[in-house]
Amino acid sequence: MQHPPAYTAKITDYDRSVSTRMYSADNADALIAAALCDDDEVSPDADRSGRITITRMITGHRSALDPTRVTLWRTIRLEPVCPPRWLTTRQYKDLRLIQEREAAPGTILVNGCVRAGVVSVPAAATKRLLERGWLTVGPDGTASVSYAGRVAMTLHEHRTETGYMGTDKWVVDGFGIGEWHIGEPLYLARCSCGYRAEGRFEVRAMAQQASRKHRLERLRAVFDLTA
Ligand SMILES: [Zn+2]
């Protein structure tokens with residue numbers, strides 16, 4: 001089976017040299033899993049880009065002859081080839097079906113379709129999910145949702161927006177004459193998942209910041225990162 005590229009990676013190595021390479025969804029999953037295992041820093045961007053940065057830090061002597069301790073970093077910046085926003089509701093539901101059955105009994109690829117119990121994802125839809133790097137198939141035919149797919153699903157579930165409420169009031173004075181008092185609008189941070197930030201914000205940017213914080217928490221959960 002062909003492995004289309006899922007990510008373009010920009011690698012800044014320990015010696016600060018920069019290179020780029022492509023990663024298939026399988027290879028990117030293996031890279032991310034190894035990074036998490038080695039306690040490298042894995043950080044998804046807070047925006048809707050689906051970008052992930054992996055940072056590995058090493059500390060040691062400068063050389064065999066020079067005992068000066070130095071700390072060096074290597075960063076791998078993964079940029080999805082297919083933007084997460086291309087995920088359709090139909091595709092989201094297909095990935096959800098596959099993900100829900102991942103633990104047991106699992107889903108397998110049969111004649112180009114992902115078979116999930118009595119239901120299956122049609123061949124054309126399966127092909128598209130593989131092309132976009134959202135689905136991977138193991139050597140034994142087991143289908144699973146890639147990290148790129150999980151990130152796209154999370155962004156689909158958490159479409160944040162900034163709303164606002166007016167605070168104009170009808171005020172009646174001592175003579176019984178009323179007039180509108182124009183108030184400053186207050187901003188709200190809310191999400192398609194039902195999340196509402198506590199409180200109201202006087203500045204729009206603060207509401208946007210609360211939305212980003214919520215989205216980032218959900219994205220970090222994809223990689224089992226907490227706090
Ligand atoms: Zn949400």
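In what order do the five strands of the open sheet lie? In this predicted model, the order is S2-S1-S5-S4-S3, with antiparallel pairing.

## The sheet

Strands of a sheet pair through backbone hydrogen bonds, and the pairing can be parallel or antiparallel. Here the five strands pair in the antiparallel way, and the sheet they form is open. Its edges are strand S2, residues 18-24, and strand S3, residues 41-44; each of these edge strands has pairing on one side only. On average, neighbouring strands of the sheet are turned by 20 degrees against each other, direction ignored.

Strand S1 covers residues 5-12 and strand S5 covers residues 69-80. The two run antiparallel and are joined by six bridges. Thr12 has Thr75, in S5, as its bridge partner.

## The helix across the sheet

Helix H1 is made up of residues 25-37.

## Domains

The domain assignment divides the chain into domain 1 (5-82), domain 2 (85-155) and domain 3 (158-222).

The centres of domain 2 and domain 3, taken over C-alpha atoms, are separated by 37 Å. Where these two domains touch, five residues of domain 2 are in contact with four residues of domain 3. On the domain 2 side of this contact, three residues are nonpolar, one is polar and one is charged.

Notes. Residues numbered from 1 in each chain as written. Predicted model: local features only at pLDDT ≥ 70, side-chain atom pairs only at ≥ 80, totals over all residues. Pairing = 2+ DSSP bridges. Helix = DSSP H or I, 4+ residues; strand = E, 2+ residues; numbered from the N terminus. Axes fitted to C-alpha atoms, helices over the stretch in contact; angles between N-to-C directions. Contact = placed C-beta atoms within 7 Å. Domains from an automatic or database assignment. Nonpolar A, V, L, I, M, F, W, Y, C, P; charged D, E, K, R; others polar.
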